[in-house]
Amino acid sequence: MILRIALPTPLRRLFDYQLPLTVANVPKAGCRVRVPFGNRELIGLVVEITDQSELPLAKLKPVHEILDTEPVLDPHLFELTQWAARYYQYPEGDALCQSLPVLLRQGKPAAFAHAVLWRACSTASADQLSSTAHRQRELLDLLIKHPRGISSDAIRAEGANPALLKTLTEKALAESFEHYPEPPHWNLTDDLLNEAPMTLNPEQQDAMDSISASQGFAPFLLYGVTGSGKTEVYLQAIGQTLKTGAQVLVLVPEIGLTPQTLARFKARFRVPVHALHSNLTDRERLDTWLHAREGRSRILIGTRSAIFTPFKNLGLIIVDEEHDNSFKQQEGFRYHARDLALVRASRLDIPIILGSATPALESLHNAASNRYQLLKLSARAGKAKPPRFELLDIRQQPLDSGLSESLIQRIHQHLGAGTQVMLFLNRRGFSPSLICEECGTVVDCTRCDAHMTLHRTPPHLHCHHCDRQTPIPRACNQCGSTQLKPLGIGTERAEDALAKHFPDVPILRVDRDSTARKNALEQLMAKVHSGDPCILLGTQMLAKGHHFPRVTLVAILDADAGLFSADFRGMEKTAQLILQVAGRAGRADHPGEVVLQTLHAEHPMLQTLISQDYLVFAGEEMRLRRASYLPPFSHHALLRAEATRAGWAEQFLLNLLSESRAHQAQPAAVQCVGPFPSPMEKRGGLFRAQLLIAGSHRAALHSWLDVLIRQAEGQPQGRRVRWTLDIDPVDHY
Ligand code: ADP
Ligand code: ZN
Ligand code: ZN
């Protein structure tokens, strides 16, 4: 008997192994096995049990160990992951193994964490010990007092000696057992709700009616301005699903998973709610994965990789902030969790709700072509009013560390009224560059085509692209001058300026540096939620999912940052960011004000955003995309290559393309653009190039990608050039 195994390797194939005759139980597909591979051992998954192999039987190595009696991947997830591996052109073995929790990849049992506890045997009594064995009697008494078990740590804490447990066990007086924490349990007949749902407003009710009326696979795009009550719609849709006994998966962006979100779901429902996010230990992740698989977890809220969680009975998927790029994995297995969620919902024949105040143009396009049903919430729910937008023209205003005089006055007004202020600047560090005042040389990273960012706490230079860190140089390496000055404003520098202008007000800086410590973000958020006046200053970490009811002024210090991006998605991303940041203002009873500092007050995109709604902006952007045949009106794939020498990567792609074309005619529906050096050619010491492949039909695009990949694998230069393929890339760098 032969097992066809998926292994975590970059090789695009499966591997055959012999099942030794000594093994009594043939493993099922989806079970893990331990196999020899080269001079190592790997853990893989059984894909198929067969009696045929391309290799002679004698050449096949035997499987070392079978790790599961029941599959860890059920057929649905197995097929979904295989589908994803094919679609994203990623090695199947690696994709399947990566979809598992880390502990399962390491070969740990697919079982809950447990503690080993001790108790007295049922027949045990102190009379069975000699009266002089004081320490043993003492221990046995303790065990008898804890009939439900006690850990050896607790025994030590009680002053008894756990080393004597062995003696008592030998005398058949004590025994150990595995204790599993009480599983969350809940019955269909139990009361579902902790609190009464809100009375929906007419738009919410319409949305809810459409969702209720749907049958089987039904994709909805819930477009609702920030604060319009999308979450309330999710909650009521979840309630309906739970009533049928099914489970719900909620996908949220990386940073959006604030304790607030979780708290809101837990406050509403009496059912077990679990979260899967990057702050969990591997053990916690596996336990959560098991809870979902066994149907105990009724609502699972998770980031990107939660799409690979098994469910006993999944009845609804929600993707909140569906436009967010953190749903796309940016390295290795480059899947898009939102898009996989759609495939999963379709295969399970269940509804899926994509929600956003700033939907991706792809999603709007799908709604326009009737693939999704569009549900619209056009006004803020309850009493909250929409924020008032203002473009603050800073052409004539001197800036103090990025702050104009009018903005400083505005901040004074709001703080004076007892509310909070939020400032947004998407650049961490003190200053994005350090320049020589004598000769104009800027300190660059030696490994990247990028400037070094100056950081103040602790003082050093840091490359945000390759993570290289150096001390701050004393003198210019070109002219020797010691006149090195910071150029440009990062969050640390703006923080300094704010502290000078507002010495009595707490300034809470929220960026990757200030929140690196565990719980630092939670502590900062707790201060904001205390409601006292403060100035929040942060990067895009502030833009996502948070609710700051006391914030009445939101200012974007540099609204122009993304206006002239080389990336065709630059404008869409900028619009999304601005509206998301703005959406944090005035969410409760306080009217909000949004100020955008700009040098381009007449820019059409900014004008559209402040006077109209996102759909108007999206409509204009869509026309541009259609005219230049860009996604969503065509499909993109990006073949990236990198090598240690300039030119190698580009040459590799060039050869690849011409050989592919010599081998097979490029389909008419496919266009190749490039290869060109990447926009940042040198990064982390490697020289990079890319080839853009665009297709009007997916099938044609994918068949051409197959040709390119086969050719790439056979390239003789392949060893000195590393290449990756990105399907539906979200950025073109
Ligand atoms: P979104 O998810 O669209 O940003 P939320 O669901 O968080 O919006 O709702 C914003 C605020 O409006 C919340 O404080 C919420 O409690 C309130 N809200 C939502 N729906 C209603 C409603 N039907 N009636 C009154 N208040 C509502
Ligand atoms: Zn110089
Ligand atoms: Zn660098």
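## The surroundings of ligand 1

How many residues surround ligand 1, and which are the closest? In this predicted model, the shell consists of 17 residues, and M198, T199, Q204, K230 and T231 are the closest. Sorted by class, the shell comprises four nonpolar, nine polar and four charged residues. Helix α8, which spans residues 230-243, gives the most to this shell, with three residues.

Several polar atoms of the protein lie beside oxygen atoms of ligand 1. A polar side-chain atom of T231 is 2.6 Å from one oxygen atom of the ligand, and a polar side-chain atom of R264 is 2.9 Å from an oxygen atom of ligand 1. The backbone also takes part: a polar backbone atom of G229 is found 3.0 Å from an oxygen atom of ligand 1. Taken on its own, ligand 1 has 560 Å² of accessible area, of which the protein covers 76%.

For comparison, the ideal angle for four tetrahedral donors is 109.5 degrees.

## The zinc ion written as ligand 3

A further zinc ion (ligand 3) is coordinated by the SG atoms of C445, C448, C463 and C466, at distances of 2.2 to 2.3 Å. The donor residues are spaced C-x2-C-x14-C-x2-C in the sequence. This site is tetrahedral, with angles of 105 to 113° among its four donor atoms. Within it, the pair C445 and C463 links distant parts of the chain, the two residues being 18 residues apart. C445 belongs to the loop between β19 (433-436) and β20 (453-455), and C463 to the loop between β21 (460-462) and β22 (469-470).

Are C445 and C463 buried or exposed? C445 has 5% relative accessibility, so it counts as buried. C463 is likewise buried, because its relative accessible area is 0%.

The loop between β21 and β22 also contains D467. This residue is not a glycine, yet it has a positive phi of about 75°.

## Residues brought together from distant parts of the chain

I411 lies in helix α13, which covers residues 405-416. With 0% relative accessibility, this isoleucine counts as buried. Its C-alpha atom is separated by 9.1 Å from that of A555, although I411 and A555 are 144 residues apart along the chain.

The C-alpha atoms of N201 and G382 are 8.4 Å from each other, while the two residues stand 181 residues apart in the chain.

## Local backbone features

Two cis peptide bonds may be examined in the model. One joins P631 and P632, with omega at about 10°; P632 is placed in the loop between α18 (614-627) and β28 (635-643). The other runs from G674 to P675, with omega near 5°, and P675 is part of strand β29 (residues 670-683).

N370, which is not a glycine, has a positive phi of about 65°. This asparagine lies in the loop between α12 (361-368) and β14 (373-377). Its relative accessibility is 69%, so N370 counts as exposed.

H603 is located in the loop between β27 (593-598) and α17 (604-611). A polar atom of the H603 side chain lies 3.0 Å from the backbone nitrogen of M605. The relative accessible area of H603 is 13%, and this residue is buried because the limit for that class is under 20%.

Definitions and conventions
Residues numbered from 1 in each chain as written. Chains lettered and ligands numbered in written order. Predicted model: local features only at pLDDT ≥ 70, side-chain atom pairs only at ≥ 80, totals over all residues. Heavy atoms only, no water. Donors = N, O, S within 2.8 Å, 3.2 Å for Na, K, Ca; no water. Tetrahedral: all angles 85-135°; square planar, octahedral: opposite > 155°, others 65-115°. Helix = DSSP H or I, 4+ residues; strand = E, 2+ residues; numbered from the N terminus. Buried < 20%, exposed > 50% of the residue type's maximum accessible area, 1.4 Å probe, protein only. Near = heavy atom within 4 Å. Polar contact = N/O pair within 3.5 Å; in protein donor to acceptor, adjacent residues only side chain to side chain. Areas by Shrake-Rupley, 256 points an atom, 1.4 Å probe, with all protein chains shown as cover. Nonpolar A, V, L, I, M, F, W, Y, C, P; charged D, E, K, R; others polar.
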